[in-house]
Each structure stands twice: as structure tokens, then as C-alpha cells.
Amino acid sequence: MSTEQQSTDFAIPEVDLTATTLLAAAMDATGLSDFGDESFREPLDVLIKSLNEEANLNAGGRFGQYQRILNILINRLRVEGWIDKHPEILDEEISAPVVIIGLQRTGSTFFHRILAADKRFYAPLWYEVRNPAPELEWDFTGKDARITSAEAEVAAMLEANPEIAAIHPMDPVAADEDILLLEHSFYSTVPDAFCNVPTYGKWNDEHDNTPAYQYLKRLLQFLQWQKKQIGQVAERWLLKTPHHIHHIATLLKIFPDAKIVQTHRDPLQTIPSAASMNYNLWIMCSDKVDGKVVGEQWAAKYARGTLHTLKIRDQQPQAFLDVWYKDTVVDPLSSVKKVYDFIGMDLTDTARAAMEKHQEDNRRDSRPSHEYTLEQFGLTEEGLKQQFAEYRKRFVD
């Protein structure tokens, strides 16, 4: 059957993209009614308004965003259901997490997954961050249904836009970004990555994100408890997401003993690459995408984020370690050693061997190359040099 026949035969369901409908659908799907802390409701309302009025969603994009929000609400209900059954979940301690931050396209995913090969770290896996709460009936034996769901979702994303594979290595059971946990608070840049939602993005930038990081801690406690149920016991969490550069002060407020590893690469390389990644997500949701709008939004967003992080670094320099992209590419284990010295852990022979095996099994040349230009996204070298002048002065020039 041809692609044209498939698209004709498959009718995308029409959905009512409203908070009232989504909240009711989540409760109907689970039989539960407690969504947890109420702080999520205002950003949810702002997001839905922005999706309806600004995102120019096509039928698939509208259905996809409806399903994504519904999935988050179902997870929130299940989280509270599990905590009600097992209140000891909230006794889990989140001690001295290692948090990798930095601009997109600085090698942070590559570096995160190398470090995660050391099983002394708890790492959030992609299927866990997409669905942090299993069904309440699961007894932690057999294959987790969330893995099956994640495998199907990744396959569908890659089928819809194969270019994504060249930009970000998609693996349902690999370590991935905790921003997908933050998304469950409805305070995150995930919607901005998928759609043009400037009002929502502005609201998020201008509001205190403390509720998001409080909920992140709650989800990490829950995931840590889950991992212990299947026999995984580690020493500390290993987190990673570029999103944290926008709110690093809040992260350090909620996790005051966090150890921050910041990855560096010239924004002249990272910003157009990040714009390309987000452009390839936007075009899955809308038929009217202007690459220059994507570039403008994300360059401005990351310029603000880098300035915020620079300010907090000056106040708490002891919390930060710097790692450069070129070093992680040429000799990643030398950068790994710097991290272990920084966090006060021994780099054991077992950990080193696991990392070397991960590198061999996940070579970058096994994926297609990522092609893009500054001009596609309305960017210029001079403009980026101006936007990121202070950052480049300290970490590039």
C-alpha cells in the first residue's frame, strides 16, 4: 500500500483540545481523580490556549498534542495513586545528583550515556521519563508495558520524520533527558520544541519554576523507588537536559547539593543545530512552519538561559565543572575522569570497561549526518556573536 493510500485510509480523529475535556478523559481512563499539586493547572491552561491560537496545528499535530497532554495527566493521576498505596515513596532521598547542563548540541547526550554506563548512577531512561508511572496493577515482573509503548512511539516518530535520527539518537531504553519529567508539571520547554507556542513560552520564562522542580524531585523519588523494586540500587542520580540553564538557580534551590557539569561548544555551531532539531519537530505538527521563527525563538531563549547560568555560576562557582565538546569527542574518558574527581567518586575498572563498551556499541558514524545552514533559520554569525558575547568571551574565545 502506498503512503498516499495509507494517509487516505487512516482518518485522524478530531479532538476537543480543552483542559476540561482532557482532565475528564484522564480521570475516565484511570478511575482516579487526584492530580497532585494544583500548580500545573495555570500553565496547562496557558499551553492549551497557545496551541489552539498560535501553533497552526495540522490534524495530526492537534491529535498528537491532545494525546501528549492526556498522557501526562494520566501519569499524574497514577503517580498519586502509587504514592497513596506506598507512602514510603516520599521517604526516598535524592542525594547529590550529578546534573549535566549546557546548550543543545554540545555532546551532552553522548556524554550522559557514557557516564550512565556506570551502574552506580541512577539514570532516567527514555521510557521512564515519557511515562514515569506504570499502571497501578503492575507487579514489577515481566516486560514493562511502558517499554513496549516507548518502542512504538519512537518507531512512529522516526517513520514520520527520519531526519530526527541524524539529530538525536532515539532509544527507548537509553538514558535521556529529565526535561520530560519536568514536562509533567507543565513548566518546560518541551511544547516550544514541538510547536510554535510563543505565549506559553513567554509565560514560562516569566514565572517562578519552583513548582516544576519540586515535582521533578517527587518523580525522581518515585522512579528511584521503582528501580529498587526491580533490584537496581545505585548511589546517586545522573541527570541531563539543556533546559536547566534557564532555571539553574531554582534547581540548586531544590537540590542544594547538586553537582553541575556544564558542557561547552561555540553557539555558532550549537544554535543553528538546535534550530534544525526543533524545526524537524515543528513540521510534524504543523504545515505552516517558518524556519526563521524557529531560529529566532531558540536563539533568544538560549541567550537568556546562558546569561542566567553565568550569573549563578559567579555566585556558586564550587557547584560547577566545565567540560568541552571537543574533549568529549576526542577523548571522552579524560572528561569522564574530571567528572569523577569533581564529584568524589572512584572511576573503577568496571565502570571504565562499561563506558568503553558503550562507546563501541554506539558509534556516531552509525547514524546519518545532520545537515543544516545558519541561513535556513535566519541566523548570522555576527548576530549570534552579539547574542552570546559574554558566554563566548568566557568559554569560547
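A charge is taken to sit over a ring if NZ of Lys or CZ of Arg is within 6 Å of the ring centre and within 35 degrees of the ring normal. K301 meets this rule, lying over the face of W298 at 5.7 Å from the ring centre. The charged end of K259 sits over the ring of F342, 4.5 Å from its centre.

The model is predicted: local features need pLDDT of at least 70, side-chain atom pairs count only at pLDDT 80 or more, and totals for chains, interfaces and linings use all residues. Residues are numbered from 1 along each chain as its sequence is written, and side-chain values use heavy atoms, with hydrogens and water left out.

Rings of Phe, Tyr and Trp (its six-membered ring) pair if their centres lie within 6.5 Å; planes under 30 degrees apart are stacked, over 60 edge-to-face, and the rest tilted. Y279 and F377 form an edge-to-face pair, with 5.9 Å between centres and 65° between planes. This pair links distant parts of the chain, 98 residues apart. Y279 belongs to helix α14 (residues 267–282), while F377 lies in the loop between α18 (349–361) and α19 (381–387). Helices (H or I, at least four residues) and strands (E, at least two) are DSSP runs, numbered from the N terminus. F377 is buried, at 2% relative accessible area; Y279 is partly exposed, at 26%. Buried means under 20%, exposed over 50%, and partly exposed in between (1.4 Å probe, protein chains only).

W324 and F395 form a tilted pair, with centres 6.5 Å apart and planes at 50°. Strand β5 (residues 320–324) holds W324, and helix α20 (residues 389–395) holds F395. F395 is buried at 11%, and W324 is partly exposed at 25%. One aromatic cluster comprises W82, W138, F140, F222 and W225.

Salt bridges number 22, each a side-chain nitrogen of Lys or Arg within 4 Å of a carboxyl oxygen of Asp or Glu. E183 bridges to R68 at 2.7 Å between the closest N and O atoms. The two are 115 residues apart, R68 in helix α4 (residues 59–85) and E183 in the loop between α9 (179–182) and α10 (190–194). Both E183 and R68 are buried. R113 and D176 form another salt bridge, at 3.0 Å. Both of these residues, R113 and D176, are buried.

E206 and K202 meet in a salt bridge at 2.8 Å, N to O. They are four residues apart in helix α11 (residues 198–206), about one helical turn. E206 is exposed, at 52% relative accessibility.
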